[in-house]
Structures are given as structure tokens and as C-alpha cells.
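Here is a short briefing to read alongside the model. It goes through the core, the strands and the aromatic rings in turn.

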Amino acid sequence: MSTLEIDVGDIRPVAVAFTADELTVTLADGRKIATPLAWYPRLRDASAAARGQFELMPMGIYWPELDEDLGIAGMLKGRPAA
């Protein structure tokens with residue numbers, strides 16, 4: 001019996017952008033994920049300066065000042081922050 005492997009591409013985040021209503025993350029393979037900013041209350045309520053202070057990790061994005069950590073896999077699955 002073989003297992004099914006799915007190539008998810010290169011999901012390393014390389015850029016983060018905000019609009020009034022969305023968080024958009026650009027992945028290393030060129031895809032962009034746009035999710036509603038309402039899904040992430042800490043980011044939604046933060047200042048633009050605080051949103052701009054993030055660290056790109058191999059599998060997600062971390063905002064140290066806001067103690068917010070978003071995983072790319074969760075964003076791809078359409079999961080709002082808990």
C-alpha cells in the first residue's frame with residue numbers, strides 16, 4: 001500500500017502586506033494567500049507600525065511585539081486564528 005503525497009510547493013513566506021480588510025502573504029513559489037484581516041484580531045487591532053515588525057519563518061510569520069504567530073499551512077487551509 002502506498003501513501004498519497006501531495007506537493008504543496010514552496011510555502012516559505014517571502015512578503016507580507018496589509019490592506020484595510022486583508023492580510024496577503026506572498027510565498028516563495030510565487031503564490032499569494034489573501035485572508036480576511038478579521039480572522040486575526042491582534043493584527044486587525046494593531047497599529048501599522050506594529051504590523052510592520054514581523055519575522056519571516058520557514059513555515060510562517062511571527063509578530064514578536066503582538067505575540068502573534070501565523071502558520072502558512074493554516075492559512076492555506078482557511079483557518080482563522082483561535
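Contact here means heavy atoms within 4.5 Å. With that cut-off, and not counting residues up to four places away in sequence, Val 25 touches Pro 13, Ala 15, Arg 31, Lys 32, Ile 33, Ile 61, Ile 72 and Met 75. Please keep in mind that this is a predicted model, in which local features need pLDDT of at least 70 and side-chain atom pairs count only at pLDDT 80 or more, while totals for chains, interfaces and linings use all residues. Residues are numbered from 1 along each chain as its sequence is written, and side-chain values use heavy atoms, with hydrogens and water left out.

**The nonpolar core**

- A nonpolar core is a set of buried Ala, Val, Leu, Ile, Met, Phe, Trp, Tyr and Cys residues joined through side-chain atoms within 4.5 Å; buried means under 20% relative accessible area, exposed over 50% and partly exposed in between, with a 1.4 Å probe and protein chains only.
- The largest such core has 17 residues, and those with the most contacts inside it are Leu 23, Val 25, Leu 43, Trp 63, Ile 72 and Met 75.
- Two or more residues each come from β2 (22–27), β5 (60–63) and α3 (72–76), where helices (H or I, at least four residues) and strands (E, at least two) are DSSP runs numbered from the N terminus.
- The largest share of this core, 3 residues, comes from β2.

**β2 and its partners**

- β2 is mostly covered, with 5 of its 6 residues buried.
- Strands count as paired if DSSP finds at least two bridges between them; β2 pairs with β1 (residues 13–18) in the antiparallel sense over 5 bridges.
- In that pairing, Val 16 stands opposite Val 25, and the hairpin of β1 and β2 has 3 residues between the strands.
- β2 also pairs with β3 (residues 32–36), again antiparallel over 5 bridges, with Leu 23 opposite Thr 35.
- The hairpin of β2 and β3 has 4 residues between the strands, and Gly 30 in the turn has a positive phi of about 100 degrees.

**The three-stranded sheet**

- An open sheet of 3 strands has the order β4-β5-β6, with antiparallel pairing.
- β4 (55–57) and β6 stand at the edges with a single partner strand each, so one side of each is left without a neighbour in the sheet.
- β4 and β5 are joined by 3 bridges, and Met 57 stands opposite Gly 60.
- Asp 67 is in the loop between β5 and β6 (68–71), and its phi is near 55 degrees, a positive value in a residue other than glycine.
- Most residues other than glycine have a negative phi.
- Asp 67 is partly exposed, at 48% relative accessible area.

**Aromatic rings**

- Rings of Phe, Tyr and Trp (its six-membered ring) pair if their centres lie within 6.5 Å, and planes under 30 degrees apart count as stacked, over 60 as edge-to-face and the rest as tilted.
- The whole structure holds 3 aromatic pairs.
- Trp 39 and Tyr 40 form an edge-to-face pair, 6.4 Å centre to centre with 75 degrees between the planes; Trp 39 is partly exposed at 25%, whereas Tyr 40 is buried at 1%.
- Phe 54 and Trp 63 form a tilted pair, 6.1 Å centre to centre with 55 degrees between the planes; Phe 54 is partly exposed at 28%, whereas Trp 63 is buried at 0%.
- Ring pairs link Phe 18, Phe 54 and Trp 63 into a cluster.
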